[in-house]
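Here are some exercises to work through with the model open beside you. Try each task before you read its solution.

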Amino acid sequence: MRSLTFDELFAMLAAAQLSTGDLARLREWIAGIAHPGECIALIEQAAAGRPCPHCGCVRKHRCGQASGLQRFRCLKCGRSHNALTGTPLARLRKKELWLPYLQCVLESRTVRDAAQVVGVHRTTSFRWRHRFVPGAMRDRPATLSAIVEADETYRLESQKGARNLTRPPRKRGGVAKRRGINREHDCLLIARDRSGRTLDFHTGRGQVTVGQLHECLTPVLPDDVLLISDGAIVYRHYAQQAGITHEAVNVQAGVRARGAIHVQNVNSWHSRFKSWLVRFRGVASRYLIHYSGWQRVLDDGRLTKPAHLLCAAAQLG
């Protein structure tokens with residue numbers, strides 16, 4: 001049977017009486033079409049003018065092609081590279097499916113759901129998630145400003161997917177052996193200013209320490225910042241050592257706000273993150289920062305298209 005040309009197919013569609021549902025299906029199908037050349041063009045555009053990832057030299061010349069990408073040879077170190085060398089996307093295949101998969105990332109689909117939509121194996125879907133998401137989450141503000149709220153949230157540590165557990169397995173996630181926050185919990189520190197810029201830090205197990213606050217917050221807080229936290233004493237000690245202004249809200253005593261002094265913005269982010277995380281049915285501790293970065297990218301609202309995520313992930317680290 002002879003296949004239809006595009007002109008013939010277009011004429012048939014123009015003559016057909018399409019219902020609202022048919023039009024919606026057609027738009028969804030067209031939106032899901034991705035040409036391999038589109039993805040490669042975006043990658044090459046993001047890498048335009050990039051120096052050699054091996055030595056940093058900007059002098060290079062073309063040196064053939066591989067996997068659809070232009071290769072270059074550095075005139076200083078003599079090593080070759082392409083647009084993805086040194087990025088989280090290096091050596092990944094099936095570039096024609098990357099943009100549809102990134103649409104699944106924007107829709108927060110699970111590993112198996114995204115694999116079914118795109119048409120890849122679930123292990124490929126998992127591998128892509130933890131390459132694309134860490135790449136895109138590097139698009140983060142360098143500093144926070146003015147009034148900054150900081151607070152931590154804790155999750156029971158998880159060794160999901162680990163081949164060798166360091167403790168007896170828990171049934172259906174389980175609970176901690178001891179009450180309160182202890183070394184069985186992962187600490188996720190969130191700092192957020194009033195303009196909505198957010199930074200996330202996985203500080204490890206147990207309660208956050210003054211040293212960890214110095215390591216995470218000092219590089220991103222200006223000298224004239226007003227840091228607001230709950231009544232945890234580590235924030236007061238950190239602010240005294242760092243020489244910044246600090247205000248505390250005694251949430252445990254029922255004090256929610258004192259005028260503009262509150263931590264409701266950062267606590268709201270915690271709530272959205274925990275609600276969003278439920279769909280994944282538990283995440284491993286080693287990937288917790290990936291998921292908080294994923295939620296931060298979605299919450300920020302700047303990378304709203306697959307092309308945006310691809311260009312962010314394709315940047316050099």
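**Exercise 1. Describe how H4 passes H5, and state which residues make the contact.**

Solution. Begin with the handedness: H4 passes H5 in a right-handed crossing. A crossing is called right-handed if the near helix is turned clockwise from the far one by less than a right angle, and left-handed if anticlockwise. Next, look at the geometry: H4 (98-106) and H5 (residues 111-118) pack at an angle of about 145°, and their axes are 10 Å apart. Here axes are lines fitted to C-alpha atoms, for helices over the stretch in contact, and angles run from 0 to 180 degrees between N-to-C directions. Now pick out the residues: H4 contributes Pro100, Tyr101 and Cys104, while H5 contributes Ala114, Val117 and Val118. Contact means heavy atoms within 4.5 Å. Finally, sort them by class: six are nonpolar, none polar and none charged. In this scheme Ala, Val, Leu, Ile, Met, Phe, Trp, Tyr, Cys and Pro count as nonpolar, Asp, Glu, Lys and Arg as charged, and the others, Gly among them, as polar.

A word on the ground rules: this is a predicted model, where local features need pLDDT of at least 70 and side-chain atom pairs count only at pLDDT 80 or more, while totals for chains, interfaces and linings use all residues. Residues are numbered from 1 along each chain as its sequence is written, and side-chain values use heavy atoms, with hydrogens and water left out.

**Exercise 2. Work out the order and pairing of the open sheet of three strands.**

Solution. The order is E1-E2-E3, with antiparallel pairing. The edges are E1 and E3 (80-81), each of which pairs on one side only. Strands (E, at least two residues) and helices (H or I, at least four) are DSSP runs, numbered from the N terminus, and two strands pair if DSSP finds at least two bridges between them.

Take E1 with E2 (residues 69-74) next: five bridges join these antiparallel strands. Lys60 stands opposite Cys74, and His61 is opposite Arg73. The hairpin has two residues between E1 and E2, and Ser67 in the turn has a positive phi of about 55°.

Then move to E2 and E3, which are joined by two bridges. Arg73 stands opposite Ser80 in E3. This hairpin has five residues between its strands, with Gly78 in the turn at a positive phi of about 80°.

**Exercise 3. Is Cys63 buried, partly exposed or exposed, and which residues does Cys63 contact?**

Solution. First locate Cys63 in strand E1 (residues 60-66). Its relative accessible area is 29%, so Cys63 is partly exposed; buried means under 20%, exposed over 50%, and partly exposed in between (1.4 Å probe, protein chains only). Leaving aside neighbours within four places in sequence, Cys63 is in contact with Gln70, Arg71, Phe72 and Arg73.
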